[in-house]
Amino acid sequence: PWILLGCYGRYDSSVKKLERFLAKMLDGHEEVDARERFLTNFAHDLNQTETILIESEVECLYHDFQVILDSRGHLIHIDLDRCLAQVRRNDGKGTITRDDQR
């Protein structure tokens, strides 16, 4: 089992989906060790995601990202190329998009 979560304009529905998924995963892990591993993995990956979003110079990652949460508590970041392809930066010679650099 896994769940796809997005943050662009779907915050409330993502929170509700996450709450249902977490309840199912925690109830489904009857062994204390499996439950603890899920929570440890989830907390670790959530902290890493927060760090990426805070430290990123790519603002679109903060506003539009999607992750998959799997049954082991791991977050898998997806669809990053769409965001990064839209990134523009000024290098002193004008605005360059990532696609222009190819």
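Which residue in strand 2 is the bridge partner of Gly6? The partner is Gln66. Keep in mind that this is a predicted model.

## The sheet

Strand 1 and strand 2 run antiparallel, with 5 bridges joining them. On to the next pairing: strand 2 also runs antiparallel to strand 3 (residues 75-78), this time through 4 bridges. Here Leu69 sits opposite Leu75 of strand 3.

Strand 2 and strand 3 make a hairpin with 4 residues between them. Look at Gly73 in that turn: its phi is positive, about 95°.

## The nonpolar core

The largest nonpolar core counts 13 residues, and those with the most contacts inside it are Ile3, Phe21, Leu22, Phe42, Val67, Leu69 and Leu75. Two or more residues each come from strand 1 (2-6), helix 1 (11-28), helix 2 (32-55) and strand 2 (66-70).

Phe21 is worth a click: leaving aside residues up to four places away in sequence, Phe21 touches Pro1, Trp2, Ile3, Leu69, Asp70 and Ser71.

## Thr49 in helix 2

Thr49 belongs to helix 2. Is Thr49 buried or exposed? Its relative accessibility is 5%, so Thr49 counts as buried. Not counting residues up to four places away in sequence, Thr49 touches Phe65, Leu75 and His77.

Conventions
Residues are numbered from 1 along each chain as its sequence is written. This is a predicted model: local features need pLDDT of at least 70, side-chain atom pairs count only at pLDDT 80 or more; totals for chains, interfaces and linings use all residues. Side-chain values use heavy atoms; hydrogens and water are left out. A nonpolar core is a set of buried Ala, Val, Leu, Ile, Met, Phe, Trp, Tyr and Cys residues joined through side-chain atoms within 4.5 Å. Buried means under 20% relative accessible area, exposed over 50%, partly exposed in between (1.4 Å probe, protein chains only). Contact means heavy atoms within 4.5 Å. Two strands pair if DSSP finds at least two bridges between them.
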